[in-house]
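Hi,

Here is the structure I promised to pass on.

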Amino acid sequence: MKHHPPARRGSFRILEKTVHHLSESLEATLFAENTAQRPGLLQGIDPRVKVISLLLLVVTVALVQGLPFLGILYLIALALAALSRIPLGFFLKRTLVFIPLFTGVIALPAIFNVVSPGKPLIVLYDIGRPLSWGPIGLPQQLAITDTGITVSSRLILRVSASLSFTVLLLLTTRWASLLKALRVLGVPRVFVVILGMTYRYIYLLLHTVNTMFLARKSRTVGRLSAGEHRRWLTTTMGLMVDKSYTLSENVYQAMLSRGFRGEVSIMDTFALHRADIVWACITLAMATGIFMMDRL
Amino acid sequence: MHIPDGYLSPATSAVMYAACAPFWYLAGRKVKKLLTARMVPVLAIFSAFAFAVQMFNVPLPGGTTGHAIGATLLAIVLGPWAAVIGISMVLIVQALFFGDGGVTAIGANAFNMAVIGAFAGYFTYRLFAGSSPVSSRRHVIGAIAGSYLAANLSAFITALELGVQPILFRSAEGIPLYAPYGLNVAISAMMAGHLLIAGPIEAIVTGLVVAYLSRSHQHLFLASRLQNTNGTVRSFRPLWVGLGIIILLTPLGLLAPGTAWGEWGAEELQQIGLGFVPQGLERLAGLWPAPLTDYTVPGWGAELGYILSAILGAGIIVGIIWGVSKIVNKRERKSPVERSEG
């Protein structure tokens with residue numbers, strides 16, 4: 001009798017990975033919606049003021065050059081997270097694990113003298129002269145340099161700090177308010193409406209895809225070859241194109257029957273309070289202060 | 001390929017936003033003129049579709065997996081202008097709601113993936129597809145060629161943006177402030193990854209989806225809708241001219257805010273342009289066509305040489321595709337079966 005390998009190996013891994021990926025993004029946004037409703041410092045700020053102030057901080061991170069000042073900006077982000085009652089462990093995981101880790105891998109070769117020439121701090125080897133065998137070469141010396149450390153830590157700090165401010169924005173603002181707040185950045189009204197609909201239908205489509213994957217998984221016995229996988233995946237995508245088209249037609253009819261004529265209006269119910277203005281002044285002062293000190 | 005915040009200097013980010021602005025503006029106007037109110041749900045739902053597509057892990061022969069961007073696919077179904085808006089929407093949602101890709105880098109990411117992905121992919125596809133019926137295999141071939149080219153062109157432009165950072169933006173002590181790798185490393189690393197992995201995934205996904213759609217859902221092709229309304233598909237020669245202009249302007253636009261060329265000393269050039277390439281990368285770089293790595297113009301900076309060779313390389317690729325598509329078109333026109341179908 002032919003023995004079938006256990007179902008979790010090989011062929012399923014890709015399906016599982018995708019299902020996992022899908023549920024993870026759904027969960028992440030649901031969690032964000034949850035933290036956005038807790039009482040906290042940033043949650044209480046007017047979304048328009050918050051968008052502008054946090055973007056100002058992201059831009060400051062991009063402009064500042066000194067490592068200590070980048071560190072201060074990162075600490076400010078952590079303090080804001082604590083004041084907004086975001087669990088610190090979660091916040092650190094969210095802002096340090098994904099993109100900064102990836103950046104760390106990218107930044108690693110830059111600590112060596114071969115990318116960043118400078119004063120060697122730790123010499124790994126020194127063979128007196130460069131070696132080469134055909135196209136493959138070995139430099140004379142491999143060392144970790146002061147320049148390399150500066151370059152790499154600057155990149156990682158910068159990436160972490162700017163990501164932190166962005167994540168603060170999305171963790172403390174309900175998506176509906178965030179969308180409306182985009183109007184202050186000059187995003188045309190019709191695009192704000194399309195963005196909002198996109199966000200909503202992402203859930204519907206991800207849910208549909210998730211169901212299709214689970215259905216496929218539960219019907220699959222034995223192994224799928226990579227080719228079968230590709231065919232099934234792309235047929236699903238093709239089907240999704242058709243579904244999306246039909247769905248958009250239905251939605252359009254529904255919009256028409258509710259009186260949509262191509263003009264969009266957004267109900268703005270934001271009101272500025274004294275706290276918002278105080279917050280705006282504080283961020284502006286922090287941003288300019290750090291920027292000026294950095295330039296000195 | 002999503003560039004996070006911190007890799008690009010504010011100046012480059014601003015230039016990339018500016019590069020995107022005319023495309024966003026024109027796309028908004030084009031789409032409005034095309035179908036007015038009907039386009040609102042179409043764009044929203046197809047953006048959501050593109051978001052979902054990016055979640056699909058597709059296996060490659062050899063065991064790696066990756067995901068497609070879907071810009072060319074969207075352009076084939078909705079047209080390039082709508083695809084620019086759709087993919088830009090995805091990038092904005094990813095940056096603002098999921099923290100994926102930088103907020104200051106939205107302009108750069110949208111230019112690399114949405115604009116280049118939609119236009120380069122769509123023109124190449126149309127060049128192959130011509131005015132053939134949607135059931136013709138030429139649509140599938142066009143989709144494969146278009147998406148492969150678009151993915152690699154996107155990667156190349158991304159690599160240029162990252163690679164000019166250490167040349168243009170350094171601190172007073174001459175230490176790079178943003179992405180630390182020069183053009184040689186950035187281009188070889190990005191191109192190796194995209195020529196061998198990301199490009200083939202994009203091509204497989206786009207090709208198979210288009211093949212599936214051409215079998216059973218022919219009404220979903222923009223081409224079939226155009227054929228139904230006007231009887232003919234409009235000439236796309238002006239679009240080619242546009243693509244050529246994009247290719248020519250992008251690298252120049254990137255360098256525009258930089259310092260004068262002469263300010264770089266020979267020693268500095270040695271450090272940034274022609275420094276050591278890590279072994280693995282150097283081996284991979286061997287896969288890159290030779291004239292592109294060695295090409296420098298005497299008397300000009302090495303970087304300008306890279307840019308020129310980039311334009312040359314892009315020109316060669318465009319030329320080859322143009323030639324092949326001419327041959328395919330001619331052969332199809334001669335075939336009596338095709339003629340009776342069309």
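**What I found**

In chain B, 55% of the 342 residues count as buried (20 or more other C-beta atoms within 10 Å of a residue's own; 12 or fewer is exposed, in between is partly exposed, and C-beta atoms are placed from the backbone). Before you read on: this is a predicted model, where local features need pLDDT of at least 70, side-chain atom pairs count only at pLDDT 80 or more, and totals for chains, interfaces and linings use all residues. Residues are numbered from 1 along each chain as its sequence is written, while chains are lettered from A and ligands numbered from 1 in the order in which they are written.

Chain B has 15 helices and 2 strands (DSSP runs numbered from the N terminus: H or I of at least four residues for helices, E of at least two for strands). Of its contacts with a separation of 6 or more, 75% are between residues 24 or more positions apart; a contact here means C-beta atoms, placed from the backbone, within 7 Å.

Chain A is built from 10 helices and 4 strands, in the order α-α-α-α-α-β-β-β-β-α-α-α-α-α. Its radius of gyration is 25 Å, whereas a compact globule of 296 residues would come out near 19 Å (C-alpha atoms only; the rule is 2.2 Å times the number of residues to the power 0.38). Along the principal axes, the C-alpha atoms of chain A fill a box of roughly 75 × 75 × 35 Å. Buried residues make up 35% of the 296 in chain A, and 82% of the chain A contacts with a separation of 6 or more join residues 24 or more positions apart.

Now the interface. Chain A puts 73 residues into the contact and chain B 61. On the chain B side, α2(B) gives the largest share, 13 residues. That side splits into 42 nonpolar, 15 polar and 4 charged residues (nonpolar: Ala, Val, Leu, Ile, Met, Phe, Trp, Tyr, Cys and Pro; charged: Asp, Glu, Lys and Arg; polar: the others, Gly among them).

The axes of α3 (residues 67-83) and α10 (residues 274-295) of chain A come within 10 Å and cross at roughly 165 degrees (axes are lines fitted to C-alpha atoms, for helices over the stretch in contact, with angles from 0 to 180 degrees between N-to-C directions). So α3(A) is roughly antiparallel to α10(A) (over 145 degrees; under 35 is roughly parallel, 65 to 115 roughly perpendicular, the rest oblique). Phe69(A), Ile72(A), Leu73(A) and Ile76(A) of α3(A) meet Met286(A), Ile290(A), Met293(A) and Asp294(A) of α10(A). By class, that contact has 7 nonpolar, no polar and 1 charged residues.

For α8 (residues 189-219) and α9 (residues 226-257) of chain A, the axes come within 12 Å and cross at roughly 145 degrees. The α8(A) residues involved are Leu205(A), Thr208(A), Val209(A), Met212(A) and Arg216(A), against Trp232(A), Thr236(A), Met240(A) and Lys243(A) of α9(A). They divide into 5 nonpolar, 2 polar and 2 charged.

Lastly, Ile144(A) sits in strand β4 (residues 141-145) of chain A and counts as partly exposed because it has 18 C-beta neighbours inside 10 Å. Beyond its neighbours within four places in sequence, Ile144(A) contacts Ile111(A), Phe112(A), Leu121(A), Ile122(A) and Ile149(A). Its C-alpha atom is 51 Å from that of Arg216(A), 72 residues apart along the chain.

Cheers

Notes. Contact = placed C-beta atoms within 7 Å.
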